[in-house]
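Subject: Structure handover

Hello,

Here is the structure we spoke about, followed by notes on what was found in it. Please read the notes with the model open beside you.

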Amino acid sequence: MDLGIKGKRALVCASSKGLGRGCAEALAEAGVDLVMNARGAEALEAAADAIRATYGVEVTAVAADVTTEEGRRAVLEAAGDVDILVTNAGGPPPGMWTDWDREDFIKALDANMLTPIALMKALLPGMMERGWGRVVNITSVSVKAPVSVLGLSNSARAGLTGYVAGTSRQVAGAGVVVNNLLPGIHATDRIDALDGGAAKAEGISLDEVRTKRAASIPVGRYGTAEEFGHTCAFMCSQYAGFMVGQNVLLDGGATNTTL
Ligand code: NAP
């Protein structure tokens, strides 16, 4: 399917691995030139090289921590006038509600709420002026159904979701659509780390944790970064112009709700 975005330019944050990488790959497959970002330069350059070689698109790689002001400045400077923004960053650590103090919340809010908001604030005006834009924020299933051990994530992502609900309606008239993409369990390094923690806490093996979790998902397996990336690419396509302020859940049916 031709997504109608060949030749557009996208900033995909936190994209050397995992879900961000999946989004970068799928956008590149659709002919979109990329600005990719991650903190670790080596994995980022390797990902950028692989994408250039496979899809023949232009890729600029910016090694920076996008959750810091300095990192965002570097990423935005390289990005220039982008048509598409995919916001993403690492998720906060798991724990118990008793573990977290003000500083922990500030860090989580900075990474998973205020960073995407700052990126949108910087890039939406240009998109609106040019009359076309797409924003996809990678959030989490925790927006629909809390993940108890991820209280920091539950809180920060709920804040971003509220912001997007209102802002998306303010910018839609200028041809810019903003939506959120909510991952359930996908096979990435992040889930490996969380599964490792669960294995330790429950005193069972990593394989046992994975089998148990996969069985709790109606499709019987974890999602893939490829599936996630292609959903993101559709949400950045010409055909997503009537999709505004939505929270698209990709969880293999794990969240047992009617709506
Ligand atoms: P991942 O496999 O750990 O990959 C994270 C990617 O982001 C890497 O490329 C990493 O590279 C980069 N990154 C992390 N922190 C960054 C920062 N501060 N600045 C720039 N780049 C950064 O994670 P993932 O599973 O793809 O998850 C992506 C997001 O979705 C996270 O917020 C996660 O909490 C959320 N999520 C994931 C799942 C899932 O099942 N995987 C489910 C729900 C929510 P560097 O380390 O080199 O920076």
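Ser-155 is in helix H5, which covers residues 151–171. Please keep in mind that this is a predicted model. With a relative accessible area of 36%, Ser-155 is partly exposed, because that value falls between the cut-offs of 20% and 50%. The side chain of Ser-155 reaches back to Gly-151, whose backbone oxygen is 2.7 Å away. Ser-155 and Phe-105 are 50 residues apart in sequence, and their C-alpha atoms are 8.4 Å apart in space.

Next, the ligand. The shell around the ligand has 29 residues, and the closest are Ser-16, Leu-19, Ala-89, His-186 and Thr-188. By class, the shell is made up of ten nonpolar, 13 polar and six charged residues.

- Gly-40 has a backbone N or O atom 2.8 Å from an oxygen atom of the ligand.
- Asp-65 has a polar side-chain atom 2.8 Å from a nitrogen atom of the ligand.
- Gly-91 has a backbone N or O atom 3.3 Å from an oxygen atom of the ligand.

On its own the ligand has 890 Å² of accessible area, and the protein covers 89% of this.

Helix H6 also holds Leu-194. Is Leu-194 buried or partly exposed? Leu-194 has a relative accessible area of 19%, and anything under 20% counts as buried, so Leu-194 is buried. Beyond its neighbours within four places in sequence, Leu-194 is in contact with Pro-94 and Leu-150. Between Leu-194 and Pro-93 there are 101 residues of separation in sequence, with a C-alpha to C-alpha distance of 8.7 Å.

Two residues are worth looking at together here. Leaving aside neighbours within four places in sequence, Val-86 is in contact with Leu-11, Val-12, Cys-13, Cys-23, Leu-27, Val-136, Ile-138, Cys-232 and Cys-236. Ile-138 is part of strand S5. At 7% relative accessibility, Ile-138 is buried, since the value is under 20%. With its neighbours within four places in sequence left aside, the contacts of Ile-138 are Leu-19, Gly-20, Cys-23, Val-86, Thr-87, Asn-88, Arg-157, Leu-181, Pro-183 and Phe-228. For scale, Ile-138 and Val-62 are 76 residues apart along the chain, and 19 Å separates their C-alpha atoms.

Helix H4 covers residues 102–130 and includes Thr-115. Thr-115 is buried, because its relative accessible area is 1%, under the cut-off of 20%. Away from its neighbours within four places in sequence, Thr-115 is in contact with Val-66, Thr-67, Arg-72, Leu-109 and Asp-110. Pro-125 is also placed in helix H4. Pro-125 has a relative accessible area of 42% and is therefore partly exposed, as the value lies between 20% and 50%. Pro-125 and Val-178 are 53 residues apart in sequence and 13 Å apart in space, taken between C-alpha atoms.

One last item concerns the backbone. Most residues other than glycine have a negative phi. Ala-14 is not a glycine, yet has a positive phi of about 50°. Where is Ala-14? Ala-14 lies in the loop between S1 and H1.

Regards

Conventions. Residues are numbered from 1 along each chain as its sequence is written. This is a predicted model: local features need pLDDT of at least 70, side-chain atom pairs count only at pLDDT 80 or more; totals for chains, interfaces and linings use all residues. Side-chain values use heavy atoms; hydrogens and water are left out. Contact means heavy atoms within 4.5 Å. A residue is near a molecule or strand if one of its heavy atoms lies within 4 Å of it. A polar contact is a pair of N or O atoms within 3.5 Å; within protein, one must be able to donate a hydrogen and the other to accept it, and residues adjacent in sequence count only if both atoms are side-chain atoms. Accessible areas come from the Shrake-Rupley method with a 1.4 Å probe; for residues, only the protein chains shown count as cover. Ala, Val, Leu, Ile, Met, Phe, Trp, Tyr, Cys and Pro count as nonpolar, Asp, Glu, Lys and Arg as charged, and the others, Gly among them, as polar. Helices (H or I, at least four residues) and strands (E, at least two) are DSSP runs, numbered from the N terminus. Buried means under 20% relative accessible area, exposed over 50%, partly exposed in between (1.4 Å probe, protein chains only).
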